[in-house]
Amino acid sequence: MIVIDAAATRKALPFDRLVAALRMQFADDSCVVPARHVHEIASPDGAPVTSLIMPAWLAGRYYGVKVVNIAPGNAARGLPGLHASYLLHDAATGVPLALIDGDEITARRTAAASALAASLLARVDARHLLVVGAGRVAQLLPLAYRAVRGIERVSVWARQATQAEAVAAAWRVQGIDAAAVTDLAAAAAQADIVSCATLAAAPLINGCWLQPGSHLDLIGSFTPAMREADDGCFAGASLYVDTDEALRKSGDLLGPMSRGVFTAADVCGTLADLAGGRCAGRTSAHERTVFKSVGTALEDLAAAVLAYGASRDARP
């Protein structure tokens with residue numbers, strides 16, 4: 001078994017290759033993804049740790065399990081609140097193949113899934129990206145999107161302007177034309193693609209801000225209590241999801257559905273439908289599209305297999 005640390009995982013998962021790997025895996029119906037397990041681990045010193053166990057496998061090939069531990073009490077300890085690890089096995093023998101940094105896998109596959117959706121839903125001539133949020137995933141979005149679209153300009157908005165400024169400065173060092181913005185409504189109205197990666201509990205984006213032909217990417221809101229978009233974002237738009245699980249987990253979808261804004265039958269397709277050619281994706285330059293993701297262990301497995309192969313090939 002090899003150990004692939006954060007730096008090696010990052011190097012093994014360039015976005016052009018990762019997006020292609022996700023597209024191939026979503027188009028292939030052979031991946032088995034059971035429901036995730038959720039466990040609460042009591043802590044005598046404070047808040048309990050929540051542990052998510054996310055398995056997926058390709059019969060006879062690979063079997064992987066991601067463990068995500070969420071410890072709210074870590075802030076007081078000066079530690080990150082979330083830690084993840086990924087263990088990849090040979091599915092035919094059960095032999096462990098690699099222990100991989102789960103934080104890097106999660107962040108990079110999340111950004112890559114949004115880029116994959118955009119490659120099929122955003123206008124081909126999309127050039128201006130607005131990133132809403134300044135966290136780990138948000139910081140990766142311009143690089144992921146530039147793997148599928150000719151992004152020339154990136155704007156970033158965050159609740160704390162200093163965070164947005166710092167992220168924009170880091171992107172400029174990487175050669176990206178980036179600027180922090182404080183007027184979210186104006187920035188959304190100008191953007192070809194709006195990508196939200198936040199932990200917001202109330203809508204940040206209003207549908208009336210979005211221009212015809214724009215693409216809205218919603219990464220946060222992975223629980224019923226979270227929301228990034230108001231009901232107007234969905235009215236008159238073509239809606240796609242990463243998996244059907246999004247319809248059961250995301251407040252962005254559950255709220256509008258409960259108010260009759262749309263029904264589950266109105267969803268145009270999943271990433272598997274798009275990647276497999278079972279639905280067409282964008283059909284006109286004026287169509288407004290929305291993609292809502294909540295994440296799936298299929299993405300983790302595809303990323304882990306790619307990282308394992310690259311790291312194994314690089315070994316002397």
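Me: Which residue stands opposite Leu130 in strand 9?
Reply: Ser155 of strand 9 stands opposite Leu130. Strands here are DSSP runs of E with at least two residues, and helices are runs of H or I with at least four, numbered from the N terminus. The model is predicted, so local features need pLDDT of at least 70 and side-chain atom pairs pLDDT 80 or more, while totals for chains, interfaces and linings use all residues. Residues are numbered from 1 along each chain as its sequence is written, and side-chain values use heavy atoms, without hydrogens and water.

Me: How many bridges are there between strand 8 and strand 9?
Reply: Five bridges link strand 8 (residues 128-132) with strand 9 (residues 153-157), in the parallel sense. Two strands count as paired if DSSP finds at least two bridges between them.

Me: What is the order of the strands in the open sheet?
Reply: The order of its eight strands is 10-9-8-11-12-15-13-14, with parallel pairing. Strand 10 (178-180) and strand 14 (269-270) are the edge strands, each pairing on one side only.

Me: Which way do the residues of strand 12 point?
Reply: In strand 12 (residues 215-218), His215 and Asp217 point one way, and Leu216 and Leu218 the other. All of them are buried, that is, under 20% relative accessible area with a 1.4 Å probe and protein chains only.

Me: And what stands opposite Asp217 and Leu218?
Reply: Asp217 faces Ser195, and strand 11 (residues 193-196) runs parallel to strand 12 with four bridges between them. Leu218 stands opposite Lys292 in strand 15. Strand 12 and strand 15 (residues 289-292) are also joined in parallel by four bridges.

Me: Changing topic: how much space lies in the largest pocket?
Reply: About 1400 Å³. A pocket is an open set of points on a 1 Å grid over the protein atoms alone where a 1.4 Å probe fits, with protein on both sides within 12 Å along at least five of seven lines; lining residues have an atom within 4 Å of a point. The volume is the space filled by probe spheres set on the points, which are joined across faces, edges and corners.

Me: Which residues lie nearest its centre?
Reply: Leu82, Thr106, Val137, Leu199 and Phe222, out of a lining of 42 residues. Helix 4 gives the most to this lining, with six residues.

Me: What about the second largest pocket: what is its volume?
Reply: The second largest pocket has about 320 Å³. Its lining has 20 residues, and Val33, Thr243, Glu245, Thr296 and Leu298 lie nearest the centre. Helix 2 (15-27) and helix 11 (297-314) are the elements that give two or more residues to that lining.

Definitions and conventions. Buried < 20%, exposed > 50% of the residue type's maximum accessible area, 1.4 Å probe, protein only.
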